[in-house]
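I opened my notebook to go through one protein model. Here is what I looked up, entry by entry.

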Amino acid sequence: MKVKITLIAVLGIVLYSCSPKIVPQEQPEKVVAVEEVAVEVIKEEAPEEGASYLMLSPELAEGKDLYENNCAKCHELYNPKKFTAEQWTPILIDMQKNTDLTDEQRIKVYNYVTMK
């Protein structure tokens, strides 16, 4: 019985060592035209069909990022156009208490949600 187990083990080792090795091949990098990337960004960033896409300044982009990453933790994000600039002020001050946002970051969020 020991001889059979030993032979099976040796046979398994031989078969394993002789089996072909599959080496993953590197995938060539995809070259994307600038126009293709721009179209994809428009589709992802535009809130509704037919809406125009505006390039955001670094400060507005940071405000957008802060808005999406902090506010969405507790509730659905509101459409920024749903409220006026005057209405956003008390909303953001009140909601700031539920986050770790500084006053400077709150102002960046305010600038983002009130941009025209």
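**Notebook entries**

I started with Glu68 and found it in helix α3 (residues 58–71). Helices here are DSSP runs of H or I with at least four residues, strands are E runs of at least two, and both are numbered from the N terminus.

The model is predicted, so I noted its ground rules: local features need pLDDT of at least 70, side-chain atom pairs count only at pLDDT 80 or more, and totals for chains, interfaces and linings use all residues. Residues are numbered from 1 along each chain as its sequence is written, and side-chain values use heavy atoms, with hydrogens and water left out.

**Glu68 again.** Buried means under 20% relative accessible area, exposed over 50%, and partly exposed in between (1.4 Å probe, protein chains only). I then looked along the chain to Val109, 41 residues from Glu68. Their C-alpha atoms are separated by 9.4 Å.

**Whole chain.** I found five helices and zero strands. The order from the N terminus is α-α-α-α-α. The chain has 116 residues, and 16% of them count as buried.

**Confidence.** I checked pLDDT, the predictor's confidence in each residue, from 0 to 100. The chain averages 75, and 69% of the residues score at least 70. Where is confidence lowest? Helix α2 (residues 34–45) is lowest, with a mean of 43, while α5 is highest, at 90. Over residues 32–46 the pLDDT is below 50, and this stretch has seven contacts in the model beyond near neighbours in sequence. Contact means heavy atoms within 4.5 Å. Where pLDDT is low, the predicted coordinates should not be read in detail.

**α4 and α5.** Two packed helices are described by the angle between their axes and the distance between the axes. The axes of α4 (residues 85–96) and α5 (residues 103–113) come within 10 Å and cross at roughly 145 degrees. Axes are lines fitted to C-alpha atoms, for helices over the stretch in contact, and angles run from 0 to 180 degrees between N-to-C directions. Which residues meet? From α4 I listed Ala85, Trp88, Thr89, Leu92, Ile93 and Gln96; from α5, Asp103, Arg106, Val109, Tyr110 and Val113.

**Ile93.** This residue lies in α4. Ile93 counts as partly exposed because its relative accessibility is 40%. Ile93 and Tyr110 are 17 residues apart in sequence, and 9.8 Å apart in space, C-alpha to C-alpha.
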